[in-house]
Amino acid sequence: MILSLVLYGFLFATLAAALFHLWRDGGLGELILYLLASWAGFWLGHLSANALDLHILDVGELHLGPGLLGSLIFLFLAHWFSQIGKPV
C-alpha cells in the first residue's frame, strides 16, 4: 500500500511539473528545478493534510487535493525565484 502511495504521489507531482514546464517554456535546468519543487510541494501538502486530517480529493490514502495545491504553490515560487537576476 505504501509503495503505491509513493508511486502515485510522484506520478501526479511529475505530471504537474511537466505541464508547468510546458506552459512556462524552458530548458533542462528549469525542468529539473520544477520537478524538485513539485515533488517537495506535493509531499509537504500531502503530509500537512495528513497532520490536519483534511480529506479533499483523496485517492485512497493519498491526499491528492492538498498535494497538488502544495505542488502548484512550490512551482510558482520556483519560477518566480528563477527569474531573479534575469534581464527583462
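His63 touches His46, Ala49, Asn50, Leu54, His55, Leu57 and Asp58, leaving out residues up to four places away in sequence; touching, or contact, means heavy atoms within 4.5 Å. Before I go on, this is a predicted model, in which local features need pLDDT of at least 70, side-chain atom pairs count only at pLDDT 80 or more, and totals for chains, interfaces and linings use all residues. Residues are numbered from 1 along each chain as its sequence is written, and side-chain values use heavy atoms, with hydrogens and water left out.

Back to His63. His63 sits in strand β2, residues 62–63. Helices (H or I, at least four residues) and strands (E, at least two) are DSSP runs, numbered from the N terminus. Is His63 buried or exposed? His63 counts as buried because its relative accessibility is 4%; buried means under 20% relative accessible area, exposed over 50%, and partly exposed in between, with a 1.4 Å probe and protein chains only. The side chain of His63 reaches the backbone oxygen of Leu54 at 3.2 Å. Trp43 is 20 residues from His63 in sequence, and the two C-alpha atoms are 9.3 Å apart.

Next, helix α3, residues 64–82. Its 19 residues, at 1.5 Å a residue, should span 27 Å, and the end C-alpha atoms are 26 Å apart, so the two values agree. The expected span is 1.5 Å times one less than the number of residues. Buried residues of α3 include Leu64, Gly65, Pro66, Gly67 and Leu75. Among the elements covering the buried residues of α3 are α1 (2–24), α2 (28–52), β1 (58–59) and β2.

Now the packing of α1 on α3. Their axes are 10 Å apart, at an angle of about 35 degrees. Axes are lines fitted to C-alpha atoms, for helices over the stretch in contact, and angles run from 0 to 180 degrees between N-to-C directions. From α1, the contact is made by Phe12, Ala16, Ala17, Phe20, Trp23 and Arg24; from α3, by Leu64, Leu68, Ser71, Leu75, Phe76 and His79.

That brings me to His79, in helix α3. His79 is buried because its relative accessible area is 14%. Which residues does His79 contact, leaving aside neighbours within four places in sequence? They are Phe20, Arg24 and Tyr34. With the side chain of Tyr34, the side chain of His79 makes a polar contact at 2.9 Å. A polar contact is a pair of N or O atoms within 3.5 Å; within protein, one must be able to donate a hydrogen and the other to accept it, and residues adjacent in sequence count only if both atoms are side-chain atoms.
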